Amino acid sequence: MNWPPTLMHVKIKNEKANFGLWLPLFLLFPLALVVLIVLSPIILIAVLILCGFGRGRWVWWGLRCLKVAIVSSWALRGLKVDVQTRRDIVQVSVI
Amino acid sequence: MTENKKKILEMLADKKISVDDAYRLLSVIESDRGQPGDTTRAEPEVKSKPKYLRVSVMPDPENERAENVDRVNVRVPMSLIRAGIKLTALIPPEALDKVNGALKDKGINFDVRSVKPEDIEELIDALAELEVDVISGRGEKVRVFVER
């Protein structure tokens, strides 16, 4: 089974900035779910209006976008980008 | 002649097995020649599925100009590539026409619409054999490979 990413680490180091950031994705996902549940009545109304005006294709497209967004974020686990030049260091890793 | 070969020929002489069976058994023994006395066929090596696509640009230690080279190390999960290919299904047809046109202008005769979700697994399996190894004159060592 593929587990969702739990942490994201971003590190940027150059002449202007020098910071590292740990993003707790395991907290962001439940938060996103709560937001989705809270907004679900509005989304449902929007879907009904769009379908009423014959724009059902947009609803279908939106749902597919949502699915791909979820699948993509789920698949981020293990991503690592590490670029080091003479002046800059950019590191992104998803754990 | 090994014991196993003798046994096969004896069985053939006694008409316990057919000529075809004897030939097949002898072929198995021939293929396992490195393991005397073992009549079982060696299992083919099971390749694990590719997990990551790796791209690395590192300074070539043998090149004196390598000190100024930028270092890049990217590891992309295969599942993300799968998801990315699925993204093409969301591109509107008008945009796909533009993409195809731009590719054609660059001399690439490829229809983006021909990428179907069913082809993804085949594509990723093909990627498993990929390995690019380039050493440039500027002291860079570029490697693109698949990690299991």
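Hi everyone. Before the tour, some housekeeping: residues are numbered from 1 along each chain as its sequence is written, while chains are lettered from A and ligands numbered from 1 in the order in which they are written. The model is predicted, and local features need pLDDT of at least 70, side-chain atom pairs count only at pLDDT 80 or more, and totals for chains, interfaces and linings use all residues.

Let's start with the sheet. Helices (H or I, at least four residues) and strands (E, at least two) are DSSP runs, numbered from the N terminus, and two strands pair if DSSP finds at least two bridges between them.

Now look at strand 3 (residues 80–84) of chain A. On one side, five bridges pair it in the antiparallel sense with strand 4 (residues 89–94) of chain A, and there A:Lys80 stands opposite A:Ser93. Five bridges also join strand 3 of chain A to strand 2 of chain B, again antiparallel, with B:Asn73 as the bridge partner of A:Asp82.

What does each chain bring to the contact? Chain A gives 18 residues and chain B gives 16, where contact means C-beta atoms, placed from the backbone, within 7 Å. On chain A's side, helix 2 (56–74) and strand 3 are the elements that give two or more residues, and helix 2 gives the most, with six.

Over to chain B. Helix 4 (residues 93–105) has 13 residues and reaches 18 Å from its first C-alpha to its last. That is close to the 18 Å expected at 1.5 Å a residue, the expected span being 1.5 Å times one less than the number of residues. Is helix 4 of chain B buried or in the open? The number of its residues that are buried (20 or more other C-beta atoms, placed from the backbone, within 10 Å of their own) is zero, so helix 4 lies largely in the open. Just after this helix, B:Gly107 takes a positive phi of about 90°.

Last stop: B:Glu129, in the loop between helix 5 (119–127) and strand 3 of chain B. B:Glu129 is exposed (12 or fewer such atoms), with 9 other C-beta atoms within 10 Å.

Definitions and conventions. Two residues are in contact if their C-beta atoms, placed from the backbone, lie within 7 Å.
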